[in-house]
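Please look over the sequence and structure shown here before reading on.

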Amino acid sequence: MPGVLPLANQPDPADLPTVAREDSETLHEWVYSQLRQAIMTGHFLPGHSVTIRGVAQMLNVSLMPVREALRRLVAERALQLLSNRRVTVPSMTPAKLEELAAARIALESLAATRALPHIDEACLAELRAIDAEVDEALRVGDVPAYLAKNQEFHLTLYRAGDSQVLIPLIESLWLQFGPFMRMVLGRIGVSYVLDRHAEALRAIEQKDALALRLAIEGDIRDGMGSISQEELLAASVPAKRASARKG
C-alpha cells in the first residue's frame with residue numbers, strides 16, 4: 001500500500017529536516033523551532049529516545065542550546081524525560097487521544113471562525129494551493145508530505161486571525177498528537193484519510209462561519225476518531241518495546 005512505512009523504515013532522527021537560521025533568530029530559538037517542528041510533524045516517533053549529545057550532532061550545534069530546547073519541550077509535554085537522562089516522545093493512550101481530539105475541536109473551530117473575517121483573496125488562494133499539495137500527497141501516499149501540508153493548511157487558516165493566545169495552544173496539541181499520527185499512518189498508509197478541506201474552502205468563500213466550524217470539526221473527528229483501538233494498541237506496543245530496549 002502506498003505510504004506505508006515498515007517499522008524498520010520509520011523516520012530516522014539522524015535525517016532531521018531543518019531550515020536555515022534567519023539573521024534575527026538566536027541559535028537557541030533556532031534549535032528549539034527545528035526540534036518543535038520535527039516533533040509536530042512526527043519525525044520523532046513515540047518511544048524513540050534520544051540524548052542531548054545525539055540531538056546536538058543532528059543539528060551540528062553545541063550542547064547548551066539543545067539542552068535548553070529539550071527542557072522547554074519537556075515542559076510543553078511534547079517530550080518526556082527518562083531516568084537515564086534521555087528524552088522520548090510519550091506514548092498514546094485511548095483516554096489521551098480522546099482528550100486531545102476534544103481539545104483540538106474546541107480550539108481549532110474557534111480559531112477558524114475568528115480568522116474568517118480576515119481571510120482575503122490572497123490568503124484564500126494560498127489555502128487552495130496548500131490543499132492541492134495535500135491532495136497530491138494523499139494521491140501518491142506520501143505520509144510525511146501529507147502531515148506537513150495538512151498542518152500548514154490548518155495553521156495558515158488560523159493565523160489569518162492573528163491570535164496571540166489560540167495558536168500557541170493549538171500548536172501544543174499538535175506537538176502531542178503529531179508523532180502518534182505519523183506512527184499510525186506509517187503503519188496503515190493514508191488511503192483511509194478523508195479530506196474535509198474542500199468543505200472548509202467553500203465555507204470561507206461563502207463567509208459561512210457555521211459551515212467552517214463544522215468542516216474543521218469534521219476534519220479533526222475524521223482524522224483522529226477513525227483510529228481504531230487495534231491501531232492504537234499496535235502503534236503503542238512497538239513504542240513501549242523500543243523504550244524498554246533503550247532504557
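**Cavities and a helix pair**

In this predicted model, a search of the whole structure finds 3 cavities of 30 Å³ or more.

Largest cavity
- The space in the largest cavity comes to about 190 Å³.
- Its lining consists of 18 residues, and those lying nearest the centre of the cavity are Arg104, Tyr146, Asn150, Phe177 and Met181.
- At least two lining residues are supplied by each of helix 6 (143–159), helix 7 (166–188) and helix 9 (209–225), and the largest share, 5 residues, comes from helix 6.
- By residue class, the lining of the largest cavity divides into 10 nonpolar, 6 polar and 2 charged residues.

Helix 5 and helix 8
- Helix 5 (residues 121–140) packs with helix 8 (residues 197–205) at an angle of about 170°, and the axes of the two helices are 11 Å apart.
- Because angles over 145 degrees count as roughly antiparallel, helix 5 is roughly antiparallel to helix 8.
- On the side of helix 5, the contact is made by Leu124, Leu127, Arg128, Asp131 and Val134, which meet His197, Ala198, Leu201, Ile204 and Glu205 in helix 8.
- The residues of this contact between helix 5 and helix 8 divide into 6 nonpolar, 1 polar and 3 charged.

Notes. Residues are numbered from 1 along each chain as its sequence is written. This is a predicted model: local features need pLDDT of at least 70, side-chain atom pairs count only at pLDDT 80 or more; totals for chains, interfaces and linings use all residues. Side-chain values use heavy atoms; hydrogens and water are left out. Axes are lines fitted to C-alpha atoms, for helices over the stretch in contact, and angles run from 0 to 180 degrees between N-to-C directions. Helices (H or I, at least four residues) and strands (E, at least two) are DSSP runs, numbered from the N terminus. Angles under 35 degrees count as roughly parallel, over 145 as roughly antiparallel, 65 to 115 as roughly perpendicular and the rest as oblique. Contact means heavy atoms within 4.5 Å. Ala, Val, Leu, Ile, Met, Phe, Trp, Tyr, Cys and Pro count as nonpolar, Asp, Glu, Lys and Arg as charged, and the others, Gly among them, as polar. On a 1 Å grid over the protein atoms alone, a cavity is a set of points where a 1.4 Å probe fits but cannot get out, and a pocket is an open set with protein on both sides within 12 Å along at least five of seven lines; lining residues have an atom within 4 Å of a point. Grid points are joined across faces, edges and corners, and a volume is the space filled by probe spheres set on the points.
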